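Below is a short briefing on how one chain is put together.

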Amino acid sequence: MIGLILGTSEGKKILSLLNKYTDDIFISTATEYGGQLLKDYKYKVLNTKPLDLYELIYEINKNGIDILLDASHPYAEIITNNALEACRKLGITYVRYERPKAAQYEDSHVINVKDYEELYLKIQNIDGTILNTTGSTNVDKFINMKLKSRIVHRVLPSIKVMERCFSLGIATEDIIAIKGPISFELNCSFIKEYNAKAIILKDSGIQGGTDEKIRAAIFMGIIALVIERKNTEVPNTFNNEETVVDFILGLIINKE
């Protein structure tokens, strides 16, 4: 059986390509919403809750998975580390699909930072509203920074996300609940509406709307702070959906 850990929109394309050959597939997503997006595809098992290392090992053993494709979000480091460790412990093949990075912008408005500690040093003296587009799981990091600036968080419009934001004390007027990716024009509108002086983002690639955020920041004359990806080298890494599926199919043929 093929195991898929899916956390990006490209997961649907990978699954559709695999479905031309097999439905002997185990899928794991981090949310029920992620599972709902796959209802029109073929698979044997669907898990829609986060798995820790030992839960992942259990599912691999239970379902007879011998190839595990990690197509989680490029910033989901814990998931990737767990997938690597599970494959190592069980002696099965690990394969990684990683979304390509966004274009690099040589512009004074664009500032790359390595982590949230460096980010804090860059934003602590910003006078004005800051748009945070790094996701609801990072809201507490900004609360702990105790910034003088107003932070407006752009997050997914799900009940769980809203509950998390409210439980952390985020005011309704400081939440933009919308599903991305967001167009250049809408990014500009949000910047204008909130009179933002900076926008914080991850390099989620073209598919994640990174270019539109950066272009909007440059066009509107505000700072774009990009939290860089960690440079982790893992085996069997691919940046193209067709290529990674061809690799997996080649492994299957060689096993037969």
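Helices (H or I, at least four residues) and strands (E, at least two) are DSSP runs, numbered from the N terminus. This is a predicted model, in which local features need pLDDT of at least 70 and side-chain atom pairs count only at pLDDT 80 or more, while totals for chains, interfaces and linings use all residues. Residues are numbered from 1 along each chain as its sequence is written, and side-chain values use heavy atoms, with hydrogens and water left out.

**Helix H3**
- After H3 comes Gly64, which has a positive phi near 65°.
- At the N-terminal end, Asp52 caps H3, with a side-chain oxygen 3.1 Å from the backbone nitrogen of Tyr54.
- Within H3 (residues 53–63), the buried residues are Leu53, Leu56, Ile57, Glu59, Ile60 and Asn63.
- They lie on the same side of H3 because they cover an arc of only 165° around the axis; the arc is that of the directions from the helix axis to the C-beta atoms.
- Tyr54 and Lys62 are exposed, on the face of H3 turned away from its buried side.
- Buried means under 20% relative accessible area, exposed over 50%, and partly exposed in between (1.4 Å probe, protein chains only).
- Strands S1 (2–6), S2 (25–28), S3 (45–47) and S4 (67–71), together with helix H4 (77–90), pack against the buried residues of H3.

**Sheet**
- Six strands form an open sheet with parallel pairing, in the order S3-S2-S1-S4-S5-S12.
- S3 and strand S12 (237–238) are the edge strands, each pairing on one side only.
- Two strands pair if DSSP finds at least two bridges between them; S2 and S3 have three, in the parallel sense.
- Phe26 has Val45 in S3 as its bridge partner.
- Helix H1 (residues 10–18) lies across S1, S2, S4 and strand S5 (93–97), at about 160° to S1.
- H4 lies across S1, S4 and S5, at about 155° to S5.
- Axes are lines fitted to C-alpha atoms, for helices over the stretch in contact, and angles run from 0 to 180 degrees between N-to-C directions.

**Nonpolar cores**
- A nonpolar core is a set of buried Ala, Val, Leu, Ile, Met, Phe, Trp, Tyr and Cys residues joined through side-chain atoms within 4.5 Å.
- The largest has 21 residues, of which Leu4, Ile14, Leu18, Leu69, Val95 and Val244 touch the most other members.
- S1, H1, S2, S4, S5 and helix H10 (241–255) each supply at least two residues of this core, and H10 gives the most, with five.
- Apart from this core lies another, of 19 residues, among them Val152, Ile214, Ala217 and Ala224.

Methods:
Contact = heavy atoms within 4.5 Å. Polar contact = N/O pair within 3.5 Å; in protein donor to acceptor, adjacent residues only side chain to side chain.
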